[in-house]
Amino acid sequence: MTESGKIIALPLHPGDGAARNTVQTIVMRLDARLRAYLLRRTRNSADAADTVQEVYTRLTQVAESDPAAEFTNSYVFKTADSVVNDLFRRRRTRRAGDHVELQDDETLSAAGPSPYDEVRWRQVAEIMREAVHALPHDQRSVLLLHRVEGKSLPEVARMIGAPLRTVERRLALALATCRDRLEELGWFADE
């Protein structure tokens, strides 16, 4: 048992009493500091606990292979750094942050749109394409430059060589025409 009250299970084999004593001495001397250090490095208590165990495992392996090894504070903390770096390297290699844990089938089905919504959105997209295509050229160009290409209204005004107020009016007319077309087809009826 350590100063922090946690039981440390050392992965030792029978007959390695010297290695066990060496690592137990390190545990008694540095466990609390090592745990605090690793918690700051990993920012996760589960990772810190796993990392502490891995540090003790590595130290035990070194003590078993070289009974004369000296385990200074510096050596123990460098071993801890190495374990943390290995952990982060494995995660980066496996791109752990890109994975999403799946709970159940209900979560999966709720994550995306329903088939009904997909069909409805496709229909609306087609209606919007037709409505935009039916707009007068000057309104259509302002709408596409501003809403599709993401240009600001002053940029659009400069690009087409029209006053800002004219561009604003054309955009308002284009949006009103598209909204009217959607209302004709009942899109806003359920709001």
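How many aromatic pairs does the count come to? The count comes to two aromatic pairs, where rings of Phe, Tyr and Trp (its six-membered ring) pair if their centres lie within 6.5 Å, planes under 30 degrees apart counting as stacked, over 60 as edge-to-face and the rest as tilted. We will come back to one of them below.

First, some ground rules. This is a predicted model, in which local features need pLDDT of at least 70 and side-chain atom pairs count only at pLDDT 80 or more, while totals for chains, interfaces and linings use all residues. Residues are numbered from 1 along each chain as its sequence is written, and side-chain values use heavy atoms, with hydrogens and water left out.

**The overall picture**

The chain has eight helices and zero strands; both are DSSP runs numbered from the N terminus (H or I, at least four residues, for helices; E, at least two, for strands). Of its 191 residues, 30% are buried. Here buried means under 20% relative accessible area, exposed over 50%, and partly exposed in between (1.4 Å probe, protein chains only). The chain exposes about 13000 Å², and carbon and sulfur atoms supply 53% of that area, as computed by the Shrake-Rupley method with a 1.4 Å probe, where for residues only the protein chains shown count as cover. Take the contacts (heavy atoms within 4.5 Å) between residues at least 6 apart in sequence: 61% of them join residues at least 24 apart.

**Two cores**

A nonpolar core is a set of buried Ala, Val, Leu, Ile, Met, Phe, Trp, Tyr and Cys residues joined through side-chain atoms within 4.5 Å. The largest one holds 19 residues, and L34, L38, V55, Y56, L59 and V76 touch the most other members. Helix 1 (17-42), helix 2 (45-65) and helix 3 (73-94) each give at least two residues to this core, with the largest share, seven residues, coming from helix 1. Apart from this core lies another, of 14 residues, including A157, A162, V167 and L171.

Now for that aromatic pair. The ring centres of Y37 and F77 are 5.3 Å apart and their planes meet at 80°, so the pair is edge-to-face. It links distant parts of the chain, since Y37 sits in helix 1 and F77 in helix 3, 40 residues apart. F77 is buried, with a relative accessible area of 15%.

The expected span of a helix is 1.5 Å times one less than its number of residues.

| Helix | Residues in helix | Expected span | Span between end C-alpha atoms |
|---|---|---|---|
| Helix 8 | 21 residues | 30 Å | 30 Å |

In helix 5, the buried residues are V124, I127, A131 and V132. Down the helix 5 axis they fall within an arc of 135°, so they line one face; the arc is that of the directions from the helix axis to the C-beta atoms. The face turned away carries the exposed residues P115, R122, R129 and H133. Helix 6 and helix 8 are among what covers the buried residues of helix 5.

In helix 8, T166, V167, L171, A174, C178 and L182 are buried. They fall within an arc of 145° seen down the axis of helix 8, so they too line one face of their helix. R165 and E184 are exposed on the other side of helix 8. The buried residues of helix 8 pack against helix 5 (115-134), helix 6 (137-148) and helix 7 (153-160). Just after helix 8, G186 takes a positive phi of about 85°.
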